[in-house]
Amino acid sequence: MINNIGTMNAKPYKFPKEKLTHLHFYFHDIVAGPNVTAVRVAEAPTTNSSNTLFGMVVAADEPLTETPDRSSKLLGRAQGLYASTGQKETNLLMAFNFVFTEGNKYNGSTVSVLGRNAVFDKVREMPIVGGTGVFRFARGYVLAKTFIFDLKTGNAVVEYNVYVLHY
């Protein structure tokens, strides 16, 4: 069956020149203690006996700050999920929106990241798969580097350098 949607008078659209924006901030993953920002929402029957926590799924709403100090200027939130996907090494599948809330330029805009995070590598690279607002049609990559990791609690502060191409 063919649906008749009418005649379309499509005109080619000329995109403006692409811009490269570099963003730098700190991501606070607080899984223990007061004011947690990430909670386990699912796990496999074998997750807790796995050295890599394979099968764990975490929902998160993490602060993004200007410096590693959690009380520094809040730039936005990292909202999404991460899941432990490595059976033999610790890897996370990251599915996050960086939601910016500070200033006039980026307030309300998002950058979407979806990729593999080998958390014990010194620097991890993940792709930017989209964005909204100022970052509509976004593409690029993020570099994540652990700044602080507390083995006892599992809490971490991760430095992010984000390189985003957008119009």
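**Aromatic pairs and the nonpolar core**

Phenylalanine 147 has a relative accessible area of 45% and is therefore partly exposed in this predicted model. Tyrosine 26 is buried, its relative accessible area being 9%.

Over the whole structure, 13 aromatic pairs were found. Among them is a stacked pair of phenylalanine 25 and tyrosine 160, with 5.9 Å between the centres and 20° between the planes. This pair also joins distant parts of the chain, since phenylalanine 25 belongs to strand E1 and tyrosine 160 to strand E9, 135 residues apart. Phenylalanine 25 is buried at 1% relative accessibility, and tyrosine 160 is buried with a relative accessible area of 3%. Both residues are members of one aromatic cluster, which also includes Phe27, Tyr82, Phe96, Phe98, Phe100, Tyr106 and Phe135.

The largest nonpolar core consists of 31 residues. Phe25, Tyr82, Phe98, Phe100, Tyr160 and Val162 have the most contacts inside this core. Two or more core residues come from each of strands E1 (19–29), E3 (57–65), E4 (74–84), E5 (92–100), E6 (110–117), E7 (124–132), E8 (139–149) and E9 (156–166). For valine 162, the contacts beyond four places in sequence are with Thr21, His22, Leu23, Phe25, Phe98, Ile128, Tyr141 and Val142.

Methods:
Residues numbered from 1 in each chain as written. Predicted model: local features only at pLDDT ≥ 70, side-chain atom pairs only at ≥ 80, totals over all residues. Heavy atoms only, no water. Core = buried A, V, L, I, M, F, W, Y, C linked by side-chain atoms within 4.5 Å. Buried < 20%, exposed > 50% of the residue type's maximum accessible area, 1.4 Å probe, protein only. Helix = DSSP H or I, 4+ residues; strand = E, 2+ residues; numbered from the N terminus. Contact = heavy atoms within 4.5 Å. Phe/Tyr/Trp six-rings, centres within 6.5 Å; stacked < 30°, edge-to-face > 60°.
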